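Take a look at the model below.

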Amino acid sequence: MRLIDEPHHDGSALYVSTQAPELGSTVTLWLRAPRAAGVTGVRVRAVHDGEPRYATASVDAARTARAVGGYGAADVWWRAEVTAVNPVTRYRFLLETPPGQRWLNAAGPAAHDVPDSGDFRLVCHAPPPAWMADSIGYQVFPDRFAASRPMRELPGWALPRDWDRDPVIPHGPGTAEQFYGGDLDGITGRLDHIRSLGADTVYLTPIFPARSNHRYDAATFDRVDPLLGGDEALHRLSGALHARGMRLLGDVTTNHTGDSHEWFTAAVSDVRAPEREMFFFDPETGDYESWWGFKSLPKLDWSSDLVRDRMREVLTRWIGPFDGWRVDVANMTGRLGAADHTHEVAALLRRALPPEAAFIAEHNHDASGDLDRDGWHGTMNYGGFTRPVWAWLRGEDPGLEHFLGVPGGVPRRDGTGALATFRAFASHMSWRSLVHSWQLLDSHDSPRIRTVTGSRERHLVALGLQATLPGTPMVFAGSEYGLTGVNGEHARTPMPWNRPADQDLLTLAGYRALLGLRRAEPALRHGGLRWLHADADCLVFARETYEQTLVVCARRAPGPELRLGAHAEGVHDAPDGDVLPGDGPSFRVWRLAG
């Protein structure tokens with residue numbers, strides 16, 4: 001599928017004059033039309049106060065003459081101005097071509113009418129912190145990363161495990177109770193490793209006291225679990241990160257608490273307690289709502305002012321050691337039956353945080369309905385990134401029970417199917433939300449990418465996509481060593497610091513090289529995205545700024561050579577020239593002059 005001849009626009013600075021438009025401001029848009037597309041006229045259709053308006057574009061002679069992007073005189077640049085009338089102003093392009101009119105929206109060109117849901121968006125809500133666009137994340141499950149001392153005395157319900165000798169229990173009794181003794185000072189002692197990968201943002205899963213190793217069943221939000229070293233250890237970790245110019249994100253459950261939480265125990269002990277209104281109690285039976293029916297996780301009622309006041313205080317009191325939050329079960333927070341306070345809650349909590357604090361929502365499927373508002377900055381992009389990467393690069397049979405929640409295991413899909421998924425999900429959110437969302441290959445809630453791909457070679461192709469596509473790479477600790485896992489619990493393997501046999505050093509070198517490339521190349525962090533070619537086994541795309549173009553070729557299997565059409569300099573595992581080699585699995589990057 002030759003895509004290089006398609007007209008193109010995206011929300012990056014190459015195509016939109018400002019990344020933070022103000023309400024009522026005039027914004028300049030550019031459209032790139034290869035001469036092969038035959039575009040003879042362009043109009044912008046923008047929706048103002050619910051009604052479409054059209055503005056006529058003109059050829060931008062200066063951009064056209066400069067040949068932005070390194071592809072010679074093959075492209076004509078069109079320019080138009082629109083007004084950001086509403087907090088989210090949707091727009092798309094109407095193209096005049098010899099065959100007739102065509103639309104161009106965020107899903108790509110179409111020769112048929114399209115709904116507004118796939119339009120580009122100008123978002124006038126306060127922008128995310130500037131640092132987020134440059135960040136590379138590293139996720140740590142504290143019990144399994146590193147221990148600073150022999151295991152502390154455990155509560156009676158906990159199951160002690162040996163770091164290097166006892167395998168993780170993947171399901172059944174003991175799964176949530178197994179403890180390996182990792183702590184926050186252990187993380188502090190390994191920051192040089194994290195930094196060596198190019199990561200500058202550490203995301204911790206919950207650290208508050210609980211009755212499980214995952215700690216999503218918090219017993220309080222007032223202090224750090226003593227098993228992790230307490231409040232002092234958090235401040236030591238945060239201080240060490242900040243001294244290195246790095247940041248720390250926390251994990252908070254806004255949907256529920258644990259059944260041992262002080263708010264809930266007060267609510268069940270006295271029907272007249274003020275905390276009673278914070279949860280959903282049946283007035284007749286005394287039963288209560290919980291997350292997915294797990295009674296250890298009572299659900300918070302966000303119609304309660306007390307919930308709003310207390311959770312707002314929780315999020316703000318820990319800013320300082322934390323530079324922002326990942327919000328667990330954000331898609332269910334405030335939702336139960338006819339009640340839906342989700343967007344209101346997201347906006348309420350974001351307003352309580354300082355402007356420099358990150359605010360990311362967990363969402364395992366289509367998050368588009370909850371984004372582009374004044375709440376979450378982005379999401380965990382399982383639907384729009386993880387799933388298409390898995391389906392394209394899966395091994396012969398990973399043997400997994402489900403596909404990130406979808407029954408039936410991981411399907412096998414070709415490159416055009418992966419591209420269709422990338423485009424479909426990206427078209428239902430703004431460029432701003434896309435680039436501030438986390439791009440994950442795996443996490444503490446999923447199988448490991450090495451298990452899905454079944455080989456180092458395909459694992460590194462997946463990593464290459466994570467490092468070069470728009471969005472924030474979020475690496476799950478241990479994947480840089482090629483660790484495996486068939487589900488989220490099994491994937492929480494203790495780090496192999498003292499198990500050389502479990503350290504795939506070639507994979508580690510790949511992480512350092514590819515994440516280092518993202519760190520070094522502005523186009524990979526701030527550039528637009530233009531798809532150039534897709535077939536069953538190969539995806540080619542460009543990341544472009546006004547000054548620079550990087551071309552990326554990802555192959556899951558051998559295929560025919562491709563011609564780039566311009567001389568390029570190899571920057572990652574690539575020869576100089578205009579030939580994209582056909583061997584695979586492989587991942588290569590070239591640089592073109594601007």
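Start with pLDDT, which is the predictor's confidence in each residue, from 0 to 100. This is a predicted model, in which local features need pLDDT of at least 70 and side-chain atom pairs count only at pLDDT 80 or more, while totals for chains, interfaces and linings use all residues. Residues are numbered from 1 along each chain as its sequence is written, and side-chain values use heavy atoms, with hydrogens and water left out.

How does the chain score? Its average pLDDT is 96, and 99% of the residues reach at least 70. Helices (H or I, at least four residues) and strands (E, at least two) are DSSP runs, numbered from the N terminus. Among these elements, strand β10 (residues 137–140) has the highest mean pLDDT, 99. Strand β20 (residues 402–403) has the lowest, 85. Where pLDDT is low, the predicted coordinates should not be read in detail.

Now the whole chain. It holds 15 helices and 29 strands. Its C-alpha atoms fill a box of roughly 75 × 55 × 45 Å along the principal axes. The radius of gyration is taken over C-alpha atoms, and the globule rule is 2.2 Å times the number of residues to the power 0.38. For 594 residues, a compact globule would have a radius near 25 Å; the chain has 25 Å, which agrees.

Next come pairs of helices. Axes are lines fitted to C-alpha atoms, for helices over the stretch in contact, and angles run from 0 to 180 degrees between N-to-C directions. Angles under 35 degrees count as roughly parallel, over 145 as roughly antiparallel, 65 to 115 as roughly perpendicular and the rest as oblique.

Find helix α8 (residues 382–393) and helix α12 (residues 456–468). Their axes come within 10 Å and cross at roughly 150 degrees. The two helices are therefore roughly antiparallel. Their crossing is right-handed. Which residues meet? Contact means heavy atoms within 4.5 Å. From α8 come Phe385, Val389, Trp392 and Leu393, and they meet Arg458, Val461, Ala462, Leu465 and Gln466 in α12. Seven of these residues are nonpolar, one is polar and one is charged. Here Ala, Val, Leu, Ile, Met, Phe, Trp, Tyr, Cys and Pro count as nonpolar, Asp, Glu, Lys and Arg as charged, and the others, Gly among them, as polar.

Helix α12 also pairs with helix α14 (residues 505–520). Their axes come within 9 Å and cross at roughly 20 degrees. That makes α12 roughly parallel to α14. This crossing is right-handed. The contact includes Leu460 and Leu463 of α12 and Tyr511 and Leu514 of α14. By class, it has seven nonpolar, six polar and two charged residues.

Move on to helix α6 (residues 305–317) and helix α7 (residues 342–352). Their axes come within 9 Å and cross at roughly 45 degrees, so the helices are oblique to each other. Again the crossing is right-handed. Arg308, Met311, Arg312, Leu315 and Thr316 in α6 meet Glu344, Leu348, Leu349 and Ala352 in α7. Five of the contact residues are nonpolar, one is polar and three are charged.

Finish with two details of the backbone. Leucine 404 lies in the loop between β20 and β21 (406–407). Its phi is positive, about 50 degrees, although it is not a glycine. Proline 585 sits in the loop between β28 (577–580) and β29 (586–593). The peptide bond from glycine 584 to proline 585 is cis, with omega near 5 degrees.

Definitions and conventions:
A crossing is left-handed if the near helix is turned anticlockwise from the far one by less than a right angle, and right-handed if clockwise.
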